[in-house]
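Please open the model in your viewer and keep the selection panel at hand.

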Amino acid sequence: MESGNTILNATSLVNRIRGVKETENLSDIDDYISRLKREKLTKTVVLVGVTTSSVAAGAIETKSAIENYIAERELDIDIVEVGSNGLCSFEPLMDVQIPGKSRIVFRNVKANDVPFILDGTLNNYLPPDNVVGQYRSQLHQPWMGIPFLDEIAFFKGQSRDILALSGIISPASIEEYIAFGGYSAFTMAISRLTLEDVCNTIEKSGLRGRGGGGFNTGQKWKMALAETANQKYFVCNADESDPGAFMHRLMMESNPHQIIEGIAIASYAIGASKAYLYTRNRYSITVQRLENAIQQAYNAGLLGHNILDSGFSLEIILRKGPGAYVCGEETALISSLEGKRGAPTLKPPFPTQKGLFGKPTVVNNVETIANIPLILRKGAENFALKGTEKSKGTKLFSVSGKVNITCLVEVPLGVSISTLVELAQGVPKGRKLKAIQMGGPSGGCTVPEKMNTPIDFETLKAEGLAMGSGGITVLDDTVCIIDTIKFFINFIQYESCGKCIPCREGSRRMYEILESITRRPVNDEGHNTLERFKGIILLESLAEVMRDTSLCGLGQTAPNPVLSALKSFREEFEEHIFDRKCAASVCRNLRTFYIDVDKCTGCSACAKKCPTNAIIGTPRSPYFVVEEKCIGCGVCETTCKFGAVFFK
Amino acid sequence: MVEKILQKYSHAGRDSLIPILQEIQDSIGYLSEESIEMLSTHLNLASSKIYGLATFYNQFRFKAKGKCHIQVCHGTACHLLGAVTIIEQIEKQLLVKVGQTTRNGNFSLEVVSCMGACAHSPVIQVNGVFRSHLTEATFKELLEELIETYRTVNK
Ligand SMILES: Cc1cc2nc3c(=O)[nH]c(=O)nc-3n(C[C@H](O)[C@H](O)[C@H](O)COP(=O)(O)O)c2cc1C
């Protein structure tokens with residue numbers, strides 16, 4: 001960015017926040033900052049949300065359509081990629097800001113909607129179907145008749161601190177992050193605070209780990225700080241791998257510098273000169289944005305040797321996890337960083353004593369880290385204003401499954417579970433809420449009657465639920481609970497590292513028990529049904545053994561989904577076992593097939609294929625399925641050329 | 001290509017093993033036997049150890065991808081919306097098994113634990129391109145299109 005003879009860049013901004021007098025004119029810099037914050041625009045800007053999630057919805061195509069639109073008409077308009085504002089179901093999202101006017105957000109902007117929407121907007125007409133709302137700003141003239149975002153239920157019901165800039169700033173620009181106050185906490189810390197000061201502030205704030213455990217972060221740091229060693233490491237755990245959880249990916253993609261600043265502060269606080277950021281190789285957009293952010297921070301002198309002459313040096317290394325669920329566990333993650341199989345190790349020794357390469361190491365979840373710059377900037381007391389007595393601050397949740405709006409939200413800890421379902425606007429029309437599954441494969445599910453349970457670490461634990469990392473899946477009456485927990489157990493048995501027997505064998509057996517009750521026995525003689533029911537009784541004791549004897553959290557928590565489902569949905573288990581029925585018609589092997597007499601031509605193809613000879617009839621007249629013999633395999637359905645076979 | 005990568009890591013230790021394997025896979029598409037042998041000599045580490053590590057992680061593959069590489073998301077949201085049927089149908093219609101490549105090298109199929117696009121499930125990726133909100137009809141159309149395209153490729 002040029003201004004007079006000097007070039008304004010991240011370094012000038014860093015100097016500005018440090019109060020270093022440079023040759024540049026201060027008012028030039030302030031002007032630059034207000035342009036970066038888009039308070040003052042010289043030309044129209046179109047902003048497209050490009051994230052892992054929106055790309056699946058066609059955001060790349062939308063962006064090209066915008067580029068074409070601008071090129072064809074030879075318009076002088078900027079295009080900027082931004083992150084996500086959390087409204088994932090409304091993707092692709094596009095914002096438009098015309099100089100002097102408020103920034104406006106459009107939803108579901110497919111490539112071929114672009115000309116229509118831009119034609120309208122540039123001529124003062126906003127297509128109502130696509131408008132979400134407008135940003136509130138004193139400096140801009142609002143659009144008439146368009147709601148402000150902070151009036152919309154989705155945003156009104158949230159408390160956005162970590163996500164304050166998500167979807168607003170360009171994740172590719174360190175300048176924009178600094179303009180909004182970024183890196184001020186880090187520069188303040190290394191120039192004015194001692195290591196103990198930082199640890200104390202974080203401890204006082206009451207911040208607890210967001211990776212599931214809920215350990216007090218400041219205390220963890222102090223444990224590492226107290227160790228004497230020639231080298232300490234900080235590791236940021238961004239290996240989000242719960243199926244159905246996507247909040248950390250979107251958070252990082254929307255504001256990567258917040259993470260880099262958090263890592264820098266944490267490393268300073270524990271005296272680490274080397275930090276690792278471990279995310280998944282698969283998350284290519286996340287990886288690319290983090291790599292770029294690290295590089296920009298180096299270029300601006302915020303990382304590297306003797307940062308801003310403070311005497312503190314820091315190297316941040318991005319590692320791309322090759323994909324293993326168990327590598328989210330801290331000791332397994334450390335093994336993976338060392339170039340080994342990601343198998344967990346016994347604790348103690350804790351990583352804070354003997355971690356990466358045998359040195360004191362702090363492992364923190366990426367959301368924990370995202371809180372750090374904000375706590376230092378606004379103060380520990382401010383952070384502690386939100387949340388409950390023992391669970392302070394806000395928490396990110398991704399709400400998906402059978403909801404109207406799959407979304408990423410940030411709410412203060414202590415709100416009820418129903419708040420999250422309401423933010424996602426409930427289950428689809430005509431359906432009934434059945435259960436809410438929290439904490440991924442190591443969590444549990446709860447029933448609608450318990451929806452007023454406050455979300456904090458202690459209450460959830462007491463209810464047999466888990467915060468996990470914050471993935472929430474909403475289930476309606478089309479979902480079979482047994483099938484859902486079978487999915488989780490299958491995931492666990494596949495991802496079990498195999499090091500300890502309770503987890504490796506236990507999860508496998510558990511899967512088999514669940515499999516056996518979702519399948520019709522080929523012959524049901526003797527005490528077969530009773531045997532299967534015994535499986536359920538054994539599930540409970542098997543779960544206990546796994547919980548008590550597994551090496552790491554993976555095996556210890558694996559039975560949770562099963563136990564909580566047994567508690568709340570016992571009838572559904574019994575229905576599967578005794579009636580061999582799946583009310584939601586999801587367990588396919590429990591289906592019974594029927595033949596539509598009007599469509600059947602009597603070709604006898606299905607009867608010949610049926611493994612249990614359950615289909616009888618005479619050629620050239622409609623066939624019939626003997627219900628008692630049918631094992632629900634579905635061969636008849638795939639064999640039938642006339643679509644005459646159906647199931648209930 | 002593998003030599004070039006190894007040159008870059010001339011003084012690498014064990015902790016660089018994963019990044020090196022990732023670079024090899026990025027450049028040649030999979031971990032070939034030769035590349036593992038070379039790496040084993042380079043790092044002075046038994047190739048069995050390298051295999052032991054590589055087979056542990058989901059990312060690494062030991063066979064080339066098909067011309068058409070299909071990745072199916074099997075996260076919770078996609079599971080609820082029929083990911084299992086999608087996987088079954090692909091296996092049945094394209095005659096490919098999960099984790100494998102067809103003998104003619106046309107198709108390969110991979111199941112991924114969660115793509116993070118839960119708002120747009122069920123999702124799959126065909127050669128890196130997302131197909132989202134699949135319905136019975138659009139999925140059927142997609143399969144037909146793929147069969148048609150790769151049948152002509154073979155001729
Ligand atoms: C099976 C398993 C998977 C885990 N996955 C993650 C994960 O994906 N991300 C994460 O931050 N922590 C995960 N954890 C928790 C970590 O072991 C560790 O407690 C956490 O990273 C500490 O950071 P915090 O104190 O900031 O929460 C997992 C634990 C277990 C047992």
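**Stop one: the ligand shell**

Select the residues around the ligand, and by class this shell has three nonpolar, nine polar and six charged residues, where Ala, Val, Leu, Ile, Met, Phe, Trp, Tyr, Cys and Pro count as nonpolar, Asp, Glu, Lys and Arg as charged, and the others, Gly among them, as polar. This is a predicted model, in which local features need pLDDT of at least 70 and side-chain atom pairs count only at pLDDT 80 or more, while totals for chains, interfaces and linings use all residues. Residues are numbered from 1 along each chain as its sequence is written, chains are lettered from A and ligands numbered from 1 in the order in which they are written, and side-chain values use heavy atoms, with hydrogens and water left out.

The ligand is surrounded by 18 residues, of which the closest are G211(A), K220(A), N364(A), N365(A) and T368(A); a residue belongs here if one of its heavy atoms lies within 4 Å of the ligand.

A polar side-chain atom of K220(A) is 2.9 Å from a ligand oxygen, one of N364(A) is 2.8 Å from a ligand oxygen, and an N or O atom in the side chain of N365(A) lies 2.5 Å from an oxygen atom of the ligand. On its own the ligand has 610 Å² of accessible area, and the protein covers 88% of it (Shrake-Rupley method, 1.4 Å probe; for residues, only the protein chains shown count as cover).

Now colour β11 (361–365) and α22 (553–557) of chain A, the elements that give two or more residues to the shell; β11(A) gives the most, with three residues. Helices (H or I, at least four residues) and strands (E, at least two) are DSSP runs numbered from the N terminus.

**Stop two: a helix pair in chain A**

Select residues 59–72 and 114–122 of chain A, which are α4 and α5, packed at an angle of about 50° with axes 10 Å apart; axes are lines fitted to C-alpha atoms, for helices over the stretch in contact, and angles run from 0 to 180 degrees between N-to-C directions.

**Stop three: chain B**

Finally, select chain B, which has seven helices and four strands, and whose C-alpha atoms fill a box of roughly 55 × 40 × 25 Å along the principal axes.

Key: Polar contact = N/O pair within 3.5 Å; in protein donor to acceptor, adjacent residues only side chain to side chain.
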